[in-house]
Amino acid sequence: MVPVTFPTDKPLDFVAIGRLCIDLNANEINRPMEETMTFTKYVGGSPANIAIGMSRLDMKSAFIGKVADDQMGRFIVQYLHNNGIDTSGVLTDRTGAVTGLAFTEIKSPEDCSILMYRDNVADLKLEPGEVDEALIASSKVLLVSGTALAKSPSREAVLLALRYARKHGTKVIFDIDYRPYTWTNPQETAIYYHAAAEKSDIIIGTREEFDMLEQFDGNDERNDQVTASQWFSHHAEIVVIKHGKEGSIAYAKDGSSHRGSIFPAKVIKTFGAGDSYAAGFIYGLMQGWEISRSMEFGSACASIVISSHSCSDAMPKLEQVEAFMRQFKQA
Ligand SMILES: Nc1ncnc2c1ncn2[C@@H]1O[C@H](COP(=O)(O)OP(=O)(O)OP(=O)(O)O)[C@@H](O)[C@H]1O
Ligand SMILES: O=C(O)C[C@@H](O)[C@H](O)C(=O)CO
């Protein structure tokens with residue numbers, strides 16, 4: 001049985017809304033950033049990474065967001081365009097806002113952190129009136145990345161995008177994507193995350209992100225099953241909880257649960273696992289695959305990306321994922 005039914009009468013497969021930033025990943029790895037002298041520039045931002053991942057997997061993708069009126073903003077738009085992503089929903093800020101920067105520190109394969117520069121960033125200046133309703137209406141899926149709820153007017157733009165999606169029968173996928181910067185306090189985070197999660201058909205997050213989302217929901221023993229049951233009482237059809245190298249678990253509204261294992265990886269940096277997993281998982285569901293097969297595909301995408309220096313650049317094409325998975329099937 002197909003786990004999720006996506007609309008078929010829409011020309012676009014996927015549209016994401018939220019952060020467009022620049023990753024500056026340390027070239028001198030396995031040391032603290034204090035000892036790093038050079039970085040490589042990539043397009044970044046969790047929803048941008050996922051949209052790039054979807055496009056690499058031949059899904060017709062678009063983006064709704066805002067970039068700075070500078071070289072970085074133009075680099076981002078050009079990169080999305082070059083990767084087949086419809087950028088008609090990406091606007092340019094004219095207030096002097098800047099591009100968010102994510103400096104990735106790679107102390108060791110398992111000890112990575114991100115230094116975020118996010119003051120006065122363009123992506124959080126997306127106005128509700130700048131959200132393209134027709135673009136959302138023409139897409140099978142809208143992906144909302146939680147950090148876009150961190151500040152107005154982006155917050156209201158995302159809440160309006162959610163209303164458009166529900167109005168036009170576009171499936172909503174909420175990637176919780178909690179990043180502590182920009183938020184004023186955890187209570188604010190939970191309230192706005194709740195507003196998004198209650199309108200979502202598929203919710204993806206780590207255990208910690210769900211704990212942040214559910215901090216007012218009582219029952220301190222927040223286990224994965226309790227979490228899933230709570231969201232099924234709203235719109236959710238699938239709830240996925242990611243557990244790093246322990247894999248993932250998905251719950252479906254039909255009562256089934258599915259454990260996702262991982263593929264061995266020559267880890268360079270752990271960042272990008274969540275975005276690539278999401279792209280592969282969503283791709284699988286949109287092919288009509290079972291949840292377990294979609295999780296497996298997402299895990300393969302994740303292993304490929306964490307074995308690479310970048311996130312966006314490393315998002316794999318279909319044949320690359322298939323070749324990667326065959327290694328383990330033949331073993
Ligand atoms: N070390 C690893 N080796 C192999 N697969 C991994 C590893 N870490 C994560 N994964 C895969 O990627 C999926 C998502 O990773 P994780 O749970 O770390 O999400 P995340 O915290 O959102 O990731 P990110 O670090 O990109 O924010 C996991 O469920 C697993 O399938
Ligand atoms: O989403 C961010 O702001 C950081 C990303 O750009 C970076 O690629 C990452 O952390 C992916 O998980």
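Which strand and helices each supply at least two residues of the shell around ligand 2? In this predicted model, local features need pLDDT of at least 70 and side-chain atom pairs count only at pLDDT 80 or more, while totals for chains, interfaces and linings use all residues. Residues are numbered from 1 along each chain as its sequence is written, and chains are lettered from A and ligands numbered from 1 in the order in which they are written.

The elements in question are strand 2 (21-26), helix 1 (46-56) and helix 8 (273-286). Here helices (H or I, at least four residues) and strands (E, at least two) are DSSP runs, numbered from the N terminus. Altogether, 14 residues surround ligand 2, and Gly 44, Ser 46, Ala 102, Phe 271 and Cys 311 are the closest; a residue is near the ligand if its C-beta atom, placed from the backbone, lies within 6 Å of it. Sorted by class, the shell holds 5 nonpolar, 6 polar and 3 charged residues, where Ala, Val, Leu, Ile, Met, Phe, Trp, Tyr, Cys and Pro are nonpolar, Asp, Glu, Lys and Arg are charged, and the others, Gly among them, are polar.

Two of these elements also pack together. Helix 1 and helix 8 meet at an angle of about 45°, and their axes are 8 Å apart. That angle makes helix 1 oblique to helix 8 (under 35 degrees is roughly parallel, over 145 roughly antiparallel, 65 to 115 roughly perpendicular, and the rest oblique). Axes are lines fitted to C-alpha atoms over the stretch in contact, with angles from 0 to 180 degrees between N-to-C directions. Ala 51 sits in helix 1 and is buried, because 34 other C-beta atoms lie within 10 Å (20 or more is buried, 12 or fewer exposed, in between partly exposed, with C-beta atoms placed from the backbone).

Elsewhere, strand 11 (residues 238-242) is mostly covered, with 5 of its 5 residues buried. In a regular strand the side chains alternate between the two faces of the sheet. In strand 11, Ile 238, Val 240 and Lys 242 point one way, and Val 239 and Ile 241 the other way. Strand 11 pairs with strand 10 (residues 202-206) in the parallel sense over 5 bridges (pairing takes at least two DSSP bridges), and Gly 205 stands opposite Ile 241. With strand 12 (residues 248-252), strand 11 runs antiparallel, joined by 5 bridges, and Ile 238 stands opposite Ala 252. The hairpin of strand 11 and strand 12 has 5 residues between the strands, and Gly 244 there takes a positive phi near 55°.
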